[in-house]
Structures are given as structure tokens and as C-alpha cells.
Amino acid sequence: MRKKLIAGNWKMNSLKSEAKALAEAVFSKAKTDMPFDMLVCPPMNVLGFVAELPHDGVFIGAQDVAETQKASGAFTGDISAQMVKDLGADWTLVGHSERRQYHGETNAIVKQKAENAINAGLTVVICIGETLNEREAGKAVEVVRNQTRECVSALANAENCVIAYEPVWAIGTGKVPTTADVAEIHAAVRDELAKVLGSEIADKMRILYGGSVKPENAKELLNVENVDGALIGGASLKADSFWAIAEAVK
């Protein structure tokens, strides 16, 4: 049985004092034997600081890594996967829709970043999801299948890779797809993973749902077939709401 993962993406939020308060509030309730895994992904300015706080039972991740395969060099503004690892993180996100939308990241770039992360010893969460136009055109399943096929590296397995399905139109909007829509997409993603990596790995790999996940809808979403946890944005910026979502796990 796949252990659910509750992940918080803080995005571009939190100065050091705010990060300290939020992290300590989240970490204070965590235990090493929880029935779910927990991950927080602070922005880079406080990643090392948060990783140095006592956080038993909680994984720490970055929100991105550089595309270059080099650990260092003339890549101003980039942070390599090795640097993220050195800061104390063990996980990273790649391919979030905001990176794709605002920075023009393609599936090929996302795949390279995922490989860089895995090669550096990080566990990677690969984000996929369709836009509203793609869904209204009936292309949602096709889009996420293509993203899965083109972003998942042959290096991936159930221990070093997680998929996060986030319909772009649901992120931060309060709009949530129906449970039937979520089930359809997650089933398609798992089927595509089986084609890329084989059914044994696909059956073990976790697929998260993300997009306006709140305490009020968490239980319903987390009980959908093939939903193995949640990637949470806004609701992860308050410890109470983040924990309320986590505690919806059976």
C-alpha cells in the first residue's frame, strides 16, 4: 500500500522570521511514526535555515533546481541540485505550472531537472497538469499523458520520484475538479507510468493531487482512487490548515 504524502509548497512567501514561525508550528506536531509522510518546500532564501531547525518526521524540499547538469559554474542566479542537497534538503519540486507558465519551461527541461535531482540524491516531485483551455477542448488526459511520458526519466522509481497532478486552472482559484475528473486523470497517469517504467514501479509510485486543496475538501480528494496525497499551496502557509489537511488521511 502506498503511504500518502502531504506536501506544502510555500512558493515565494516567507522572510526568515515568518519562515521560522511557520516551520516551528508545523514541526512541533510532527512525529516519526505518522501514518503519512510530510514535506515542506520553503523558498530558497530560507531553505537552509528551515532545514537546520529540528524537523523529525518532516522532509525538507526545494521548489526547483537548475537545468544544467553541472554542480557549479557560470550560471548566474541558478541553484544546482547539488547545492540544494548541500543546504540540507532531500527533496525538490520540478515542473510546477508557474515555472512552465512564467519561465517557459518545457517537458524536456523538466525531465533534465528531474534527472539532475535524482543524480544528486534528491527525491523529485514532478508537477504536471492541463490548462483550462486544454480541459475545455477535451485534451486533459492527452496533455497529462504526454507530460508524464516526456518528463519522467528512466532513472525514476517509486523511491526517488513522485508525480503531482495540478490542473493549472485550479491552482489558487478555489476551483476544484470533480472527484471523477481527478480519478480519470490519476488513472491515466498511472497507466502512462506503467508504459514508461513498467507496471511494478508504476503501482508503487505516488501520485499527488494539487489545486485548491483545503481542509474542507481534503478528505474527499484524498479518498479518490490513485490519489496518494496532496501538494498544497496557500493552505500550507498556515500550520493549522496544513495539519487539518494532513489529518484527513485515514
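User: Is V176 buried, partly exposed or exposed, and what is its relative accessible area?
Analyst: Keep in mind that this is a predicted model, where local features need pLDDT of at least 70, side-chain atom pairs count only at pLDDT 80 or more, and totals for chains, interfaces and linings use all residues. Residues are numbered from 1 along each chain as its sequence is written, and side-chain values use heavy atoms, with hydrogens and water left out. Buried means under 20% relative accessible area, exposed means over 50%, and partly exposed is in between (1.4 Å probe, protein chains only). V176 is partly exposed because its relative accessible area is 30%.

User: Where is V176 found?
Analyst: Helices (H or I, at least four residues) and strands (E, at least two) are DSSP runs, numbered from the N terminus. V176 sits in the loop between β6 (161-165) and α8 (179-197).

User: Which residues is V176 in contact with, leaving aside its neighbours within four places in sequence?
Analyst: Contact means heavy atoms within 4.5 Å. With those sequence neighbours set aside, the partners of V176 are W169, Y209, G211, S212, N217 and L221.

User: How many Å apart in space are V176 and F49, C-alpha to C-alpha?
Analyst: Along the sequence, V176 and F49 are 127 residues apart. In space, going C-alpha to C-alpha, V176 and F49 are apart by 34 Å.

User: In what order do the 8 strands close into a barrel?
Analyst: Strands of a sheet pair through backbone hydrogen bonds, either parallel or antiparallel. Two strands count as paired if DSSP finds at least two bridges between them. Here the pairing is parallel, and the barrel order is β1-β2-β3-β4-β5-β6-β7-β8.

User: How many residues of strand β2 are buried?
Analyst: Strand β2 covers residues 37-41. D37, L39 and C41 point one way, M38 and V40 point the other way, and all are buried. That leaves β2 mostly covered, with a buried count of 5 of its 5 residues.

User: Which residue in β3 stands opposite V40?
Analyst: β2 runs parallel to strand β3 (residues 59-62), and 2 bridges join them. Across from V40 you'll find I60.

User: What handedness does the β-α-β unit of β1, helix α1 and β2 have?
Analyst: Strand β1 (residues 5-9) and β2 run parallel, joined by 5 bridges, and helix α1 spans residues 16-27. A crossover is right-handed if, with the strands pointing away from the viewer, the path from the first strand over the helix to the second runs clockwise. The unit made by β1, α1 and β2 is right-handed.
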